[in-house]
Amino acid sequence: MTFLASLIQYVVKLVIFVLIAIVGVMAGKKMRMNKDAKETAKDTLKE
């Protein structure tokens with residue numbers, strides 16, 4: 001029973017860390033897309 005409880009605990013931690021990683025990647029992608037859009041708009045105005 002102790003093994004099963006420990007396994008469940010590790011699986012829950014794994015799921016939480018994976019969700020945090022996914023949110024971080026999505027936030028980074030969104031921030032990068034916003035930065036690229038601003039730079040593109042800035043370059044368009046220069047021309």
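1. Basis of the values. This is a predicted model, in which local features need pLDDT of at least 70, side-chain atom pairs count only at pLDDT 80 or more, and totals for chains, interfaces and linings use all residues. Residues are numbered from 1 along each chain as its sequence is written, and side-chain values use heavy atoms, with hydrogens and water left out.

2. Overall form. The secondary structure of the protein chain amounts to 1 helix and 0 strands; helices (H or I, at least four residues) and strands (E, at least two) are DSSP runs, numbered from the N terminus. The C-alpha trace spans about 70 × 5 × 5 Å along its principal axes.

3. Surface. Of the 47 residues in the protein chain, buried residues make up 0%. Buried means under 20% relative accessible area, exposed over 50%, and partly exposed in between (1.4 Å probe, protein chains only). The protein chain exposes about 4,700 Å², of which carbon and sulfur atoms supply 73%. Accessible areas come from the Shrake-Rupley method with a 1.4 Å probe; for residues, only the protein chains shown count as cover.

4. Salt bridge. A search of the whole structure finds 1 salt bridge, defined as a side-chain nitrogen of Lys or Arg within 4 Å of a carboxyl oxygen of Asp or Glu. The side chains of Asp 36 and Arg 32 form a salt bridge, with an N to O distance of 3.3 Å. Asp 36 and Arg 32 are separated by about one helical turn, because they are 4 residues apart in helix H1. Asp 36 counts as partly exposed because its relative accessibility is 31%; Arg 32 is also partly exposed, with a relative accessible area of 46%.

5. Positions towards the start of the numbering. Phe 3 lies in helix H1 and counts as exposed, since its relative accessibility is 66%. Phe 3 and Ala 21, 18 residues apart in sequence, have C-alpha atoms 27 Å apart. Ser 6 is also placed in helix H1, but it counts as partly exposed at 26% relative accessibility. From Ser 6 to Leu 45, 39 residues apart in sequence, the C-alpha to C-alpha distance is 59 Å.

6. Val 23. This residue belongs to helix H1, which covers residues 2–46. Val 23 counts as exposed because its relative accessibility is 55%.
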